[in-house]
Amino acid sequence: MVKKVQNEDYKRLFEETAGGPEVLDELVRVFGGAIFVKGGAEGDRQTCYKAGQRSVLDFILLKINRANGVNDDVED
């Protein structure tokens, strides 16, 4: 049986494990920038692509925040 991943697992991995904070910083740097790209259909496609990448980062940060007692689900 596989253990269900808990919010605390994200906290431990990204905040308490050696190298975790640096990996999280890199993920934020690479995938946390602006999402919108101008340029018609191609810009729309690129915007959707970046939004998909950003949603993974947002999920990880949400799990870490919940493990730290932050339950603010307000979107920007």
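These legends describe close-up views of one predicted model. Residues are numbered from 1 along each chain as its sequence is written. Local features need pLDDT of at least 70, side-chain atom pairs count only at pLDDT 80 or more, totals for chains, interfaces and linings use all residues, and side-chain values use heavy atoms, with hydrogens and water left out.

**View 1. Helix H3 from end to end.**
Helix H3 covers residues 40-67. Helices here are DSSP runs of H or I with at least four residues, numbered from the N terminus. H3 has 28 residues. From its first C-alpha to its last, H3 reaches 40 Å, close to the 40 Å expected at 1.5 Å a residue. That expected span is 1.5 Å times one less than the number of residues. Several H3 residues are buried: Gly43, Thr47, Arg54, Leu57, Ile60, Lys63, Ile64 and Ala67. Buried means under 20% relative accessible area, exposed means over 50%, and partly exposed lies in between, with a 1.4 Å probe and protein chains only. The cover over these buried residues includes H1 and helix H2 (20-31). After H3 comes Gly69, whose phi is positive, near 85 degrees.

**View 2. The largest nonpolar core.**
Which residues form the largest nonpolar core? The five are Tyr10, Phe14, Leu24, Ile60 and Ile64. A nonpolar core is a set of buried Ala, Val, Leu, Ile, Met, Phe, Trp, Tyr and Cys residues joined through side-chain atoms within 4.5 Å. H1 and H3 each supply at least two residues of this core. In soluble globular proteins, nonpolar side chains tend to be buried together. Look next at Phe14. Leaving aside neighbours within four places in sequence, Phe14 is in contact with Gly20, Pro21, Val23, Leu24, Leu27, Ile60 and Ile64. Contact means heavy atoms within 4.5 Å.

**View 3. The aromatic pair.**
The structure has one aromatic pair. Rings of Phe, Tyr and Trp (its six-membered ring) pair if their centres lie within 6.5 Å; planes under 30 degrees apart count as stacked, over 60 as edge-to-face and the rest as tilted. The partners are Tyr10 and Phe59. Their ring centres are 5.9 Å apart and their planes stand at 85 degrees, so the pair is edge-to-face. Tyr10 lies in helix H1 (residues 7-16) and Phe59 in helix H3, so the pair ties together parts that are 49 residues apart in sequence. Tyr10 is buried, at 18% relative accessible area. Phe59 is partly exposed, at 40%.

**View 4. Lys63, buried without a salt bridge.**
Lys63 sits in helix H3. This residue is buried yet has no salt bridge. A salt bridge is a side-chain nitrogen of Lys or Arg within 4 Å of a carboxyl oxygen of Asp or Glu. How far away is the nearest side chain of opposite charge? Glu8 is that side chain, 8.7 Å away. Lys and Arg count as positive and Asp and Glu as negative; His and the chain ends are not counted. Beyond neighbours within four places in sequence, Lys63 is in contact with Asn7 and Tyr10.

**View 5. Salt bridges.**
The whole structure holds five salt bridges. Side chains of opposite charge can pair when their charged atoms come close. Among the five is the bridge between Arg45 and Glu42, at 2.8 Å, N to O. Both residues lie in helix H3, three residues apart, about one turn of the helix. Arg45 is partly exposed at 45%, and Glu42 is partly exposed at 47%. Salt bridges that share partners join Lys3, Asp9 and Arg12 into one network. Lys3 meets Asp9 at 2.7 Å, N to O. Asp9 also meets Arg12, at 2.3 Å, N to O. Asp9 and Arg12 both lie in helix H1, three residues apart. Lys3 is exposed at 56%, Asp9 is buried at 17%, and Arg12 is partly exposed at 41%.

**View 6. Residues apart in sequence.**
Asn68 lies in the segment after H3. Asn68 is partly exposed, at 35% relative accessibility. The C-alpha atoms of Asn68 and Asn7 are separated by 8.7 Å, although the two residues are 61 residues apart along the chain. Leaving aside neighbours within four places in sequence, Asn68 is in contact with Lys11 and Glu15. Ser55, in helix H3, is partly exposed at 41%. Ser55 and Phe31 are 24 residues apart in sequence and 9.1 Å apart in space, C-alpha to C-alpha.
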